[in-house]
Amino acid sequence: MGQITLQGVQKSFGPVHIIKGADLDIADGSFVVFVGPSGCGKTTLLRLIAGLEDVTGGAILIDGKNVVDTPPAKRGLSMVFQSYALYPHMSVRGNIGFGLKMAGLAKDEINRKVEAAAATLNLTPYLERKPRELSGGQRQRVAIGRAIVREPKAFLFDEPLSNLDAALRVQMRIEVTRLQKQLGTTAIYVTHDQVEAMTMADKIVVLNGGKIEQYGSPLQLYERPANLFVAGFIGSPKMNFVTGESAAQKGAATIGVRPEHLKIERDGGGGWQGTIAVAEHLGSDTFLYVDAGPLGMLTARYIGELSLHAGDRVSLVPDPARIHRFDQSGNALRN
Amino acid sequence: MARKSTTRRVVVSTIGAWFFGFLIFFPILWMVLASFKTELEAFAIPPSFLFFHWTTENYATVQERSDYVLHAMNSIIIAGGSTLIALLIAIPAAWSMAFSPTKRTKDILLWMLSTKMMPPVGVLVPIYLIYKSFGLLDSRIGLVFILCLGNLPIVIWMLFTYFKEIPRDILEAARMDGATIGRELVYVLTPMAIPGLASTLLLNLILAWNEAFWTLNLSTSNAAPLTTFIASYSSPEGLFWAKLSAASTLAIAPILVLGWFSQKQLVRGLTFGAVK
């Protein structure tokens, strides 16, 4: 079991409020991603759950028991660090087995469990090596092995893939997701990469300035962002925001349209007129950055190849069903 | 841009390195050579470099005139004892400053170092009087104590920098893995800190072994280490270069051998953290 509940969790470092009251319910077995810009408090929130930092206020419940006064070792969680944090003087076997050794398990039981974990992660040939003799991806797998071998109530991941190169990152992303589904253990994963968040999460927590902006499934966040921040943060390229008359017509202070929901027509059609400033041709997609005069720069995405170039005039027609409306204070307006 | 390492450059820099190495080593070599000369040859001008009458009579005289073993034992006890006590105090001190620093940690460190900036002679009289009233003059305990205090700032600083180099994440990982503070210390921190501890120990041993100010001023015979033994050959009846050299060679031999065998550790320790 690994149900984690946060109730009004606060954290201050001196006069600085890092977490301004977080409430969250994480269901057993789910994969929850904390995402947000740097400095938003996502790592701090994770460290509070881990017990590596003490809360200033509020309660953290693991399986219904408040653990704010429980030391990290007794919370039954395991953590994968951004820097891997492997013990440099121990072999892979020693690293993975360290937690079991601390728990006082018998030697052959430790060996059996370590070998099983190593087999899951394709680390068997490297068991006797030291961390410095491993590649980045292998070190990352050792760190994950160290986390899974203890069969914790939940895994905590602190930007574990950010030190890997792009190709390996995609591969590890899939491995971690698959492993989590296979084990069925609750996971909390911190990242600043919204693609990681969208692809891995059952539910995403979007954090900004120490506050939870929205908590929901990836598609909920994409389709029904709660406010301007979430709308702008989730989705790539970023959502286009238009204010002024076009927004007022829809009864909103700001309207937002995602680049993929703008229909691109040759000049003369309806919609927003503009000149292409930059056209990016990726083969699979075409991204147009359009200077739309008083509306500012708009981004449009076309699936497939579109032979338009910088300097061409286009008109962009928003899909009326996919227009997001926001009020003066940035909150979403629902119909 | 990578520097080209042409053969010529390699040759020139090798010759240069050997030249400067020899220059630094020369006084020691000269001392060893002088110890095998007769008193007359030892201060002959022009000096003879290798072609002189080699003799070991100086060593025999030194052995006869003074008790080398007693002084060597004193040196071992004083240098070893002060180093061990300094480490015992410095490890927890450096530990707490490295792993739970406060606003004042930097100030404390600087204050500790500032004690090394004062010339020791400035406190010679008060220390001497204190030692006299406590009966610590010419006692091993007294010397262990003063050398320990003298080197403590350096030991703490060295250990502090080593401990600082140990990533916090690794200690936190151990904590997440269920290690108590004690086990974290035994299984994670100490093994990681051993290279740093070893080079601190070695350096402090050498510093304490060679320390001459306090040992000369606070000891005369019973507790006198090898520094006093050397000094006794540069005294009233005039300078005896050859015998002085023989005494000095005997005095530095043990620490030289120790240093030779541990030079890898020492170099690693002194350049620790300089290159990531």
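## Fold of chain B

Starting at the N terminus, the elements of chain B follow the order α-α-α-α-α-α-α-α-α-α-α-α-α. That makes 13 helices and zero strands for chain B. Keep in mind as you browse that this is a predicted model.

How much of chain B counts as buried? The share is 31% of its 276 residues. Along the principal axes, the C-alpha atoms of chain B occupy a box of roughly 70 × 65 × 30 Å. If you look at contacts in chain B with a separation of 6 or more, 77% of them join residues 24 or more positions apart.

## Annotated transmembrane regions

An unreviewed UniProt entry lists "transmembrane region" for residues 12-33, 76-96, 108-131, 143-163, 184-209 and 240-261 of chain B.

Residues 143-163 of chain B are 100% helix and 0% strand, with 29 Å between the end C-alpha atoms. Residues 184-209 of chain B are likewise 100% helix and 0% strand, and here the end C-alpha atoms are 34 Å apart.

## Where chain B meets chain A

The contact involves 16 residues from chain A and 14 residues from chain B. On the side of chain B that touches chain A, helix H8 (168-176) and helix H9 (181-210) of chain B each provide at least two residues. Which element gives the largest share of that side? H8(B) does, with six residues.

Note on methods: Residues numbered from 1 in each chain as written. Chains lettered and ligands numbered in written order. Predicted model: local features only at pLDDT ≥ 70, side-chain atom pairs only at ≥ 80, totals over all residues. UniProt positions renumbered as here; feature names shortened; annotations may be inferred. Helix = DSSP H or I, 4+ residues; strand = E, 2+ residues; numbered from the N terminus. Contact = placed C-beta atoms within 7 Å. Buried ≥ 20, exposed ≤ 12 C-beta atoms within 10 Å, placed from the backbone.
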